[in-house]
Amino acid sequence: MAEIKPPSASRHRLILASLLLCLILGLGVLRATLSPTSLTVRGNSLLTSSPPAQSSESTDTVNLTVPNSIPSLSTTTPLSGVVVLAMSDGPFIHLFAYHPYSLPLTRLTDNPWDDIHPALSPNGQKLAFVSRRNGFWNIYVLSLTDGKLTQITDTPEYDGHPTWSPDGQWLAYESLIDGNLDILVKSVLDPAQPPIRLTDDPGFDLSPQWSPRGREILFTSTRSGKADVWLARLDLTDDRFINISQSPDCAEHDPTWSPDGRYVAWGGCNANENAIWLWDGLHPEQKPQLLMSGESPLWSPQGDNLLGILSTPNQYLLVGYDVNRHTLWFPPQPLPGKIHGYTWGSGHAFEALQPYFLPGPSQFVPPETSVPSQSSESRLVSLENVTAPYPYLLGEVLPAFYLLRQEAARQAGWDVLGSLESAFMPISEPINAGHVDDWLLTGRAFSLNPLLLQAKWIVLTREDSYEGTYWRLWVRTRYQDGSQGVPLTSPIWNLDARFNGDPQAYEQGGASEPPPTGYWVDFTELAQRWGWERLPALPTWRSYYPAARFNQFVWRNGLDWEEAIAQIYPVEALNPPTPLPTWTVTPSPTPTPKTYISPSPTTTEAVSSPVSPRPTLTPPSQMRGP
């Protein structure tokens, strides 16, 4: 057995020096953690500096102050990747670069057309996306190293949602073929080759996601009667497609692989809210696990975090979830617009994207949101070339209305807001039963012509939440050649089905139907870009048709109904005196009614009747004296 010797003095000094070094490094990390850091984007570089002072730098600089709870970054600290997202930006949809803790929203495109569904290649050197720059939806690939743009598809039909093969040589995508969505596969190296058709089913097949292992493709399909998550096994010819979600009461969508290819996350439902579920490919017999509220999950490059979208009736939020710790990684943050696809690349992708950062804010300037004082903006103004019983709105609301009208006409190809059911309702008009606090009285709301629903020029998709039942309104485009709108993939709700004699449809207030073919514009999302909010259906909507309120939109500008109605009517007009007696707890004294007194008789002179002579008694003669 070896002899154990006591440590020498030099060894003691070495241990003490190591402890001192650890203490110094720990204090440095703690100080960096507690100190705010400013990240400044200038042109092509991401610089770390101290909190900025007042300076005269150009407006091309975008500053972000990182919260105190986030460790500061140095120029040698690698970023945990970059998120490229397509977001509504005024009249168009543009691409942005972003990271919740490292990079503010940084513009990548700012063109007069829509760019959607970005997808970074596995090596982070190429970006595939869908664009309408040539007038139709087609897929393009941008080489980030040299800026070369290659058009992959060139058809008038809609192509969308590209996904990369692990070797970066192929793209799988959804395409509208003969009015039906199917999955195609196309070569990136030789775009002239015709695409390979992966699916050919009467149901919709969309949103493909290529497995990191290369031999499987996830997609959403309605072939089972509703939207489910399906798996295409490329090595098989028989039994190639299997349903992995199989939820009978919920529609699933937007599946995505974890970076190691083991897990699949998708958007589904939980009670009356959207939820993200996790499926373990190593244990397919186990039920999917509920992760968090949200939809459209997106994995980080390391596979430890997920991003998701939270949707409220009139707002969108971004939220992050730590898969390992089962906690929130990124608290919900409001988004400036709706997300139309996003992708998360590694740090190499961030370095490659830097030359494409565009300075400056969005070109879209929303209408004025300040509450006006007693001025012309708080008065009712006539709407030009609008047919309605009372074509008036507040002057404050007019800019938002005309911007929405102009953009809806451009995207749909016809004047959607040219004929309205109502734009303003005077207080003297009778309101519908149950419409308490009707916003049409305020001059801040309008309702579309319901005849458009009967004519199938607009359709509705039903969205239930804890706040009630809401409707998403879709407008059919005038030109059905692929130059306007997008295919509608969600089931629609037919309110008129209640009148078809079906007792179940009558009790439910309508029935769900498959989505119609053709191209449609999301009018609800378009209205939200200019501050127009939809209203929930009233509780009686199943039995009372007008209570659905599917066609009504409101421009609140932060006001509640009482504040909004007070801008038009004084309090006296809202509470007029009533001719009916008001009952109180203590009755008011009333004069005592006089009792009826009959009149006193007046003294009158009695009229005596004539006296008849009475015979007098005459004594007999013998009784007489001498």
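This tour goes through the disulfide and several salt bridges of a predicted model.

Start with the cysteines. The structure holds 1 disulfide; select C250 and C269 to see it, with the sulfur atoms 2.0 Å apart. C250 sits in the loop between β18 (241–243) and β19 (253–257), while C269 belongs to strand β20 (residues 263–270), so the bond ties together parts that are 19 residues apart in sequence. C250 is buried, at 8% relative accessible area, whereas C269 is partly exposed, at 25%.

Next, turn to the charged pairs, of which the structure holds 20 as salt bridges. Select R262 and D280: their side chains form a salt bridge with an N to O distance of 2.8 Å. R262 is in the loop between β19 and β20 and D280 is in strand β21 (residues 273–280), so this pair ties together parts 18 residues apart in sequence. R262 is partly exposed, with a relative accessibility of 24%; D280 is buried, at 12%.

Now select D522 and R472, a salt bridge whose closest N and O atoms are 3.0 Å apart. This pair links distant parts of the chain, 50 residues apart: D522 lies in strand β37 (residues 519–522) and R472 in strand β33 (residues 468–476). Both D522 and R472 are buried.

Move on to helix α6 (residues 523–529), which contains both E525 and R529, 4 residues apart, or about one turn of the helix. Their side chains meet in a salt bridge at 3.1 Å, N to O. Both R529 and E525 are buried.

Finally, select K338, E463, R472, D522 and R534 together; salt bridges with shared partners join these residues into one network.

How values were computed: Residues are numbered from 1 along each chain as its sequence is written. This is a predicted model: local features need pLDDT of at least 70, side-chain atom pairs count only at pLDDT 80 or more; totals for chains, interfaces and linings use all residues. Side-chain values use heavy atoms; hydrogens and water are left out. A disulfide is a pair of cysteine sulfur atoms within 2.5 Å. Helices (H or I, at least four residues) and strands (E, at least two) are DSSP runs, numbered from the N terminus. Buried means under 20% relative accessible area, exposed over 50%, partly exposed in between (1.4 Å probe, protein chains only). A salt bridge is a side-chain nitrogen of Lys or Arg within 4 Å of a carboxyl oxygen of Asp or Glu.
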